[in-house]
Amino acid sequence: MSKSELEIEIASECLNGKKLFSNIHSFNLLTFQEVQTLVKRISSDKAIVQKYSLKSYSDGKLGFLGSHQRLNVEIKTTNGKDILTFFVKTVPYDLPVQAEYVLDKCVFLKEKIFYRDIIPQLYHDYKGESWTATCFLIKKNLLLFEDLSTKGYSLRNKLFNKELIVSSLTSIAKLHACSLLAEARLGKSLKELYPQAFVENAFSETGKTSEWFDVSVNAIIAIAKHLNLDASLIPKTCKEVYAALKMSSIKKNVISHGDLWGNNLMFSNSIPPKCLLIDFQLIRYSPLAHDVIQLLYLCTDRDFRVTWEETMLKHYYSVLCETLNSTKTISVEIPAWSELIEGIEEQRLAAIITAAIYFQTVLLDEKLGAEILSDPNSYHEFEFKNRNETVLKLMEIDPIYNKRLTETVTELVEFSFRLNELPKPT
């Protein structure tokens, strides 16, 4: 797809997206023919679809920028009947307020471009184990994936242990290596080839996302005051996140996942566990350190980072180098270790800010999160008006929620008083 065609698609879907959910009842997400074609593609047998159904994947809230469903397909083969299952992600049309926000942020379209156009480039020269789930079908309003749960993959506690972090960093290093390999083969950066896929949509200084950001910062201030901390520099400090989200002018940039909280990584039941990255709705074109330090702040606590951060960085770097060196047909300049370490310090503040903002939502109990975010009024209030009272109340009743927000906001306040001493992203 050319740059001009991509821009037309982006403009068409983002600017006119609000019209899509007004006629939600007028179309089917999947046709019988599409399901039959899917089954023929993945089945070695001459399977015939008998019937299929879509149901909610979970009673809880797995993610916050889409609707997740399970597709069950009953098939008939020469050996009898069988049931195939798939994971389906759609715009949450059943919640118009949320659907409007998702369409406005272009998160669904961004992920569609990633799987349709960018993934083939990333896997072109890579011969190792997969680092993401297989996407079988891409439609304007739907993405259909393999159901990882049937292969023994699952979500884990949102506070990862050493084993899970090692597994996570292995997959992140492979993603980054594939990005560097693809660009070496193509002779162009992936951002040049797919510019609209890397438009920043997680943090924006305009529109609804700006309102969401301001509400999040206000909640951080309320938490800090609740903890008897000086929150006077928090508003100024939180604005520093914008500079860290831009591509580097002097360091190697790679496709970055950009949203590495616990529910966006799934792990096998093997020993040691293997990790697959999911939900590429907020991808960025960033220096290597961006994903690495974000993972450490979103998925570990302060004690873990103090004890294991250097060891984890060395593991990530070794996998990156090993993956780049494993492809003999393409020569890639391996980024220096010093570049990674410098980048980590430049990206650390943004990772803390991201954690302090994200934790308010992503650490909600899944059922409670579904209750709050599935009601239009409570969703609008929590996301775009004021969540201070709700967050403080939850901290009182949920010790894990309390511990992680307390720890992160405390560290952010500490950094706010060292702002002028901190290295700036370069």
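**Aromatic rings and a helix pair in a predicted model**

Tyr 52 is partly exposed, because its relative accessible area is 28%, and by partly exposed I mean the range between buried, which is under 20% relative accessible area, and exposed, which is over 50%, with a 1.4 Å probe and protein chains only. Residues are numbered from 1 along each chain as its sequence is written, and side-chain values use heavy atoms, with hydrogens and water left out.

Let me turn to the rings. A search of the whole structure finds 19 aromatic pairs, where rings of Phe, Tyr and Trp (its six-membered ring) pair if their centres lie within 6.5 Å, and where planes under 30 degrees apart count as stacked, over 60 as edge-to-face and the rest as tilted. One of them joins Phe 32 and Tyr 52, whose ring centres are 6.3 Å apart and whose planes stand at 45°, so this pair is tilted. The pair links distant parts of the chain, since Phe 32 lies in helix H2 and Tyr 52 in strand S1, 20 residues apart; helices (H or I, at least four residues) and strands (E, at least two) are DSSP runs, numbered from the N terminus. Phe 32 is also partly exposed, with a relative accessible area of 41%.

Staying with helix H2, we also find Gln 36 there, and at 10% relative accessibility Gln 36 counts as buried. Leaving aside residues up to four places away in sequence, Gln 36 touches Ala 47, Ile 48 and Val 49, with contact meaning heavy atoms within 4.5 Å. By contrast, Ser 44, in the loop between helix H2 (32-42) and strand S1 (48-56), is exposed, with a relative accessible area of 84%.

Helix H15 (residues 388-397) and helix H16 (residues 399-416) pack at an angle of about 115°, with their axes 5 Å apart; the axes are lines fitted to C-alpha atoms, for helices over the stretch in contact, and angles run from 0 to 180 degrees between N-to-C directions. On the H15 side the contact is made by Val 391, Leu 394, Met 395 and Ile 397, and on the H16 side by Pro 399, Tyr 401, Asn 402, Leu 405 and Thr 406.

Definitions and conventions:
This is a predicted model: local features need pLDDT of at least 70, side-chain atom pairs count only at pLDDT 80 or more; totals for chains, interfaces and linings use all residues.
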